[in-house]
Amino acid sequence: MGNHASLDIHLENERKCAASNRLEVDPSTAGEQLTGTVLLKVTHRKGIAPSNIIVSVHGKEHTILSTARNTFRDEHIFLRGISKLNSSHLIACDKRGRAVIPQGVHRIPFCFQLPESIPTTMRFPQRGGVNARIEYTVAATYGDDNATLMQNNKALYSSKLVPILALPIQKQIQNQTLQQNPFIVHPTLKELKSLGGMIHHANIMYAVNVLKPVVSVGETITVDLALWKSTSKLQIDRIEMKLNQYIKYKVTNDTTDANYASENGGAAKEHDRQKKVTLVHWKNILSHMSNEEIIVQDEMSMNKNSVTNTAEMQTKIKQQLVHDLATHKNRLPIRIEPSHPAVLDAYDGLLMNVSHCLKIKICTKNAMLSNPTCRIPIRIGRPLDAEDMERVMNDVAAVSP
């Protein structure tokens, strides 16, 4: 059949690039329809025998981890769609009365509804013996879709890579597939010790509020910070914030370790590796400190009274910190530039995981053994495109008083 006919796929969002004079496919978005046409070109004058036309869409994770001795590979299909196209209208009868697909170019349309939860097509950074990607493929088969028969040219096969974009973060929040809830670090007390100097130990209590921990690239993450210290001798040098991106790769189909498999009921040994990238590093001085003088007086009297006063003092400090958060005494912005080359969408797959974390460190000038640090999970996703952004702004303007 391979010499008598050929198969090709044409996607609706395919266009010819003027610069390279080659066909390119514009990205489709999760939740939309992926449409196209299967082109069956019959070159034999007598036609070909009728058969099934199967179109499939696959989304796959691929991981490759290399060591000094071995290379481990794995893949996982997270999206699988199969459709049998109706080709009965192509059938005609030859001179002997047999059903055939006649000579010519035949076009059979197809359509797939993409789920809203699928990730963006991505090629992950290739360094340190790691190679990973997420890709989507549209494939068409005419005849028996058995791989052995295809090798013998008894079936026609064609495939094409399709770029997919994840649903923008704002739309995921509108559809309630993601929840936009503030992330609050409630007042937390930390005891600091030093190697020597003016003070040997001190206490710091802090509270943090991130109003929107789910953001798109280009948005600003706004952090409210409230801070109290037990003594004026403890000097706060600066506040540091780092927005880190963690990429974890995993291979699960390694069967080379026979001892591991025998001890674990034939289970494959897992190999994983993690990479960290700092996307933004922000540091600045703190503009406001909670009223330490009144509370320090309470702390001095606390030493002479019962333990109950300790709880009362801490309650007063916590109330002050909550008030400072509510009145935005220290508002710290950190922004992800849209042109940042390393930022990736958050993703939680079987073989790959992309997560983000905002690390906040309170740096002191004194010779302290450690500085108070807290970590806040952040979810970063794709922003709205220009048309969607304009539509959202028009909707907001329409409901505004």
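**View 1. Pairing of strands β18 and β21.** Thr220 stands opposite Arg335 in β21, within an antiparallel arrangement in which five bridges join strand β18 (residues 220-229) to β21. The model is a predicted one, in which local features need pLDDT of at least 70 and side-chain atom pairs count only at pLDDT 80 or more, whereas totals for chains, interfaces and linings use all residues. Residues are numbered from 1 along each chain as its sequence is written, and side-chain values use heavy atoms, with hydrogens and water left out. Strand β21 (residues 331-335) has a covered face made up of Leu332 and Ile334, and an uncovered face with Arg331, Pro333 and Arg335. Strands are DSSP runs of E with at least two residues, helices are runs of H or I with at least four residues, and both are numbered from the N terminus; two strands pair if DSSP finds at least two bridges between them.

**View 2. Pairing of strands β1 and β5.** Strand β1 (residues 5-11) and strand β5 (residues 33-42) run antiparallel and are joined by seven bridges. Ser6 stands opposite Lys41 in β5 and belongs to the uncovered face of β1, together with Asp8 and His10. The covered face of β1 consists of Ala5, Leu7, Ile9 and Leu11.

View 3. Not counting residues up to four places away in sequence, Ser56 touches Gly81, Ile82, Phe112, Thr137, Val138 and Ala139, where a contact means heavy atoms within 4.5 Å.

**View 4. The aromatic pair of Phe124 and Tyr249.** A search of the whole structure finds three aromatic pairs, defined for rings of Phe, Tyr and Trp (its six-membered ring) whose centres lie within 6.5 Å, with planes under 30 degrees apart counted as stacked, over 60 as edge-to-face and the rest as tilted. In one of these pairs, the ring centres of Phe124 and Tyr249 are 6.0 Å apart and the planes stand at 80 degrees, so the pair is edge-to-face. Phe124 lies in the loop between β11 (122-123) and β12 (130-143), while Tyr249 lies in strand β19 (residues 236-254), so the pair ties together parts that are 125 residues apart in sequence. Both Phe124 and Tyr249 are buried.

**View 5. Leu321 in helix α5.** Leu321 is placed in helix α5 (residues 307-326) and counts as buried because its relative accessibility is 0%.

**View 6. The largest pocket.** The largest pocket has a volume of about 340 Å³ and is lined by 20 residues, of which Ser117, Ile118, Pro119, Gln172 and Arg379 lie nearest its centre. A pocket is an open set of points on a 1 Å grid over the protein atoms alone, where a 1.4 Å probe fits, with protein on both sides within 12 Å along at least five of seven lines, and lining residues have an atom within 4 Å of a point. The volume is the space filled by probe spheres set on the points, which are joined across faces, edges and corners. At least two lining residues come from each of α2 (169-174), β22 (347-348) and β24 (373-381), and β24 supplies the largest share, three residues.

Terms used: Buried < 20%, exposed > 50% of the residue type's maximum accessible area, 1.4 Å probe, protein only.
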